[in-house]
Amino acid sequence: MAESILIKKKTKKEKENSRSTKGEIVFNFFNMAFFALITFICIFPFYYLFVNTISNNDLSSRGMVIFLPKGIHFTNYLQVLRLEGLGRAAIISLSRTLIGTILTVFGCALLGFIFTQKQMWGRKFWYRFVVITMYFNAGIIPWFIIMMNLKLTNNFLAYILPAVIQPFFVILVKTYIESIPAAIQESAELDGAGTMTVFFKIIMPLSKPILATITVFAAVNQWNSFIDTLFLMTDSKLYTLQFVLYRYMNQLSSLANIIRGSQGGSSISASIANMQTPTSVRMTVSMIIITPIILVYPIFQRFFVKGIIMGAVKG
Amino acid sequence: MSLLSNSAVEKNMDLAPAPLKKEKVKMKKGLQLFLIALPFLILVFVFSYLPLYGWSYAFFNFRPGIPLSQSEFVGFQWFKSIISNPTQTAEVMRVMKNTLAISALGVITSVLPVTFAIFLTEIKASWYKRIVQVLTTLPNFISWVLVYSVAFAIFSTNNGLLNHVLTDLGIIDTGVNYLASDNHTWLSMCMWNVWKTLGWSAIMYLAAITNIDPELYEAAKVDGAGRFRRIWHITVPGLMSTYFVLLLLQIANFINNGMEQYYVFQNAINKDHIEVLDLYVYNIGMLGTNFSFATAISMLKSIVSVFLLFFANKMSKILRGESII
């Protein structure tokens with residue numbers, strides 16, 4: 001009697017298990033398919049741009065290139081570099097990213113470090129002074145007025161100076177340095193190290209993970225920045241790649257002129273089918289702008305994640 | 001590590017008998033630290049506090065080219081004109097409606113990243129999860145100009161992918177220009193924003209889910225709770241506090257939708273529904289040269305956002321006993 005009940009129970013349980021596994025398989029299948037679809041929607045546009053830039057421009061403009069590249073050639077990338085102003089824009093974008101990132105990381109790291117030093121004059125006050133700017137700003141037009149009065153319009157420094165101190169980065173660095181045992185710094189100071197020596201020789205090497213995080217954040221911000229060019233720069237010598245791309249998309253007729261200008265007396269003989277079109281130029285410039293991000297991004301993804309989680313804890 | 005701290009303690013004790021000297025050294029050190037920080041604090045002052053001086057332009061009838069000192073002082077005329085001038089009232093109301101509608105859609109869609117995180121966690125294969133996570137966060141790191149370029153490649157009339165496919169399938173005869181259209185402008189702006197930020201916003205919730213005690217799930221399993229009941233009774237409550245903080249921050253930013261996205265997507269056809277406050281300020285101030293009125297709107301916006309922030313903070317304190325700033 002007792003035995004049979006036990007057996008019955010077992011079989012019932014087994015049945016339940018097998019049923020739930022079946023349901024689970026169906027659920028897992030649809031769940032994974034669903035995420036495959038979302039991922040596809042996120043990635044396909046970039047892939048589409050890419051295959052079209054390396055495909056026969058004539059086929060591409062007739063919408064024949066969707067999944068696989070056809071008539072592969074790389075002249076688009078060579079031709080686009082000959083467009084007037086594009087090379088210069090690339091140099092501006094690269095230099096603002098390089099200089100801006102170095103200064104931002106240095107400034108935010110140093111300030112974050114100083115805010116961990118209890119002896120600093122009015123430490124709490126100055127810390128709040130910096131952090132409040134994250135939540136409050138005077139508005140874009142007043143900001144523009146000041147930039148104008150400071151002669152920072154049509155000035156490369158306008159890309160760099162306002163970005164040096166970013167309160168969010170300062171908070172991240174400060175929080176991180178606070179987790180480093182104070183004894184390390186104290187012993188170095190007793191050995192005669194000054195503030196800057198401690199910062200460079202001890203604090204910076206110990207805070208590599210957070211410095212990597214803010215480096216990537218700062219570089220992406222600089223590379224993607226668009227509004228500052230729009231407001232402050234009328235001199236085309238200071239246009240960035242982002243801004244040039246925007247202009248290419250909105251001034252189709254002038255883009256056609258630029259293309260004609262770059263092809264006159266061209267030594268790169270492109271076949272008729274691979275002649276530049278406004279579409280090919282737009283897509284190629286877009287690819288040039290995306291590529292650095294796609295290249296560094298998978299490597300730094302974990303830093304991004306760490307950064308946002310640390311920020312969340314604090315925020 | 002312990003060695004280091006020991007020696008530090010010892011040396012500290014050596015210094016102890018001279019407290020006056022130590023105090024002086026401390027003062028000097030404090031000043032020195034302050035001086036190192038000073039250049040950076042000046043930068044913060046110049047770029048974040050000095051613009052407050054620009055508010056004074058809201059009280060003048062300023063025209064670019066003429067210095068402020070020679071402009072006519074008009075007091076609160078620009079502020080009054082928002083209410084007293086019917087055309088301006090209508091304009092501001094239209095812009096406010098766009099701003100609030102797009103922000104409201106943003107609040108509604110804020111549950112999507114939560115759902116994304118919950119269902120992604122249900123996938124067992126960690127390699128699959130990682131690939132999905134990496135690829136879906138990518139759009140967050142490209143600029144709005146590039147998003148627009150992507151939109152152009154897919155939705156434009158002549159060379160857009162969608163139009164090519166639809167005409168080839170015979171669904172439509174002539175190309176439809178999805179970008180130069182004023183249908184569902186708010187919704188499409190919201191959807192572009194979701195496309196760009198979904199994977200990134202989910203990261204926070206994914207992290208929060210890993211912090212939930214696994215024993216809770218084990219216990220629920222033993223009690224016979226199925227997958228969905230476990231999600232509903234354990235995961236969802238476990239995410240509520242994170243969701244709540246982010247929601248309050250979103251409310252604090254209700255009228256700050258930024259202008260980059262709307263600027264790149266705007267055109268003559270959708271302008272009526274895409275102009276949010278920030279974009280409107282740009283359009284009237286920088287393009288329309290009504291500088292002083294734009295400054296007045298800018299100023300009001302900043303003040304209202306501060307109130308919203310305090311409100312959100314207060315709500316957080318009442319409901320959670322913790323402030324968000």
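Chain A averages a pLDDT of 84, and 85% of its residues score at least 70; pLDDT is the predictor's confidence in each residue, on a scale from 0 to 100. This is a predicted model, where local features need pLDDT of at least 70 and side-chain atom pairs count only at pLDDT 80 or more, while totals for chains, interfaces and linings use all residues. Residues are numbered from 1 along each chain as its sequence is written, chains are lettered from A and ligands numbered from 1 in the order in which they are written, and side-chain values use heavy atoms, with hydrogens and water left out.

Over residues 1–16 of chain A, the pLDDT is below 50, and this stretch has zero contacts in the model beyond near neighbours in sequence (a contact means heavy atoms within 4.5 Å). Where pLDDT is low, the predicted coordinates should not be read in detail. Among the helices of chain A, H7 (residues 157–160) has the highest confidence at 96, while H14 (residues 252–263) has the lowest, a mean of 68.

Now for the build of chain A. You'll find 15 helices and zero strands there; both are DSSP runs numbered from the N terminus, helices being H or I with at least four residues and strands E with at least two. Of the 315 residues in chain A, 47% count as buried, where buried means under 20% relative accessible area, exposed means over 50%, and partly exposed is in between (1.4 Å probe, protein chains only).

Next, the salt bridges. Take Glu178(A) and Lys174(A), which meet at 3.1 Å, N to O. They sit four residues apart in helix H8 (residues 167–178) of chain A, so about one helical turn separates them. Lys174(A) is buried at 11% relative accessible area, whereas Glu178(A) is partly exposed at 44%.

Another salt bridge pairs Lys29(B) with Glu189(A), their closest N and O atoms 3.0 Å apart. Because Lys29(B) lies in helix H2 of chain B and Glu189(A) in helix H9 of chain A, this pair joins two chains.

Finally, look inside chain B, where Arg94(B) forms a salt bridge with Asp272(B) at 3.8 Å between the closest N and O atoms. Arg94(B) is in helix H4 and Asp272(B) in helix H13, so the pair ties together parts 178 residues apart in sequence. Salt bridges that share partners also join Glu91(B), Arg94(B), Asp272(B) and Glu275(B) into one network.

Note on methods. Salt bridge = Lys/Arg side-chain N within 4 Å of Asp/Glu carboxyl O.
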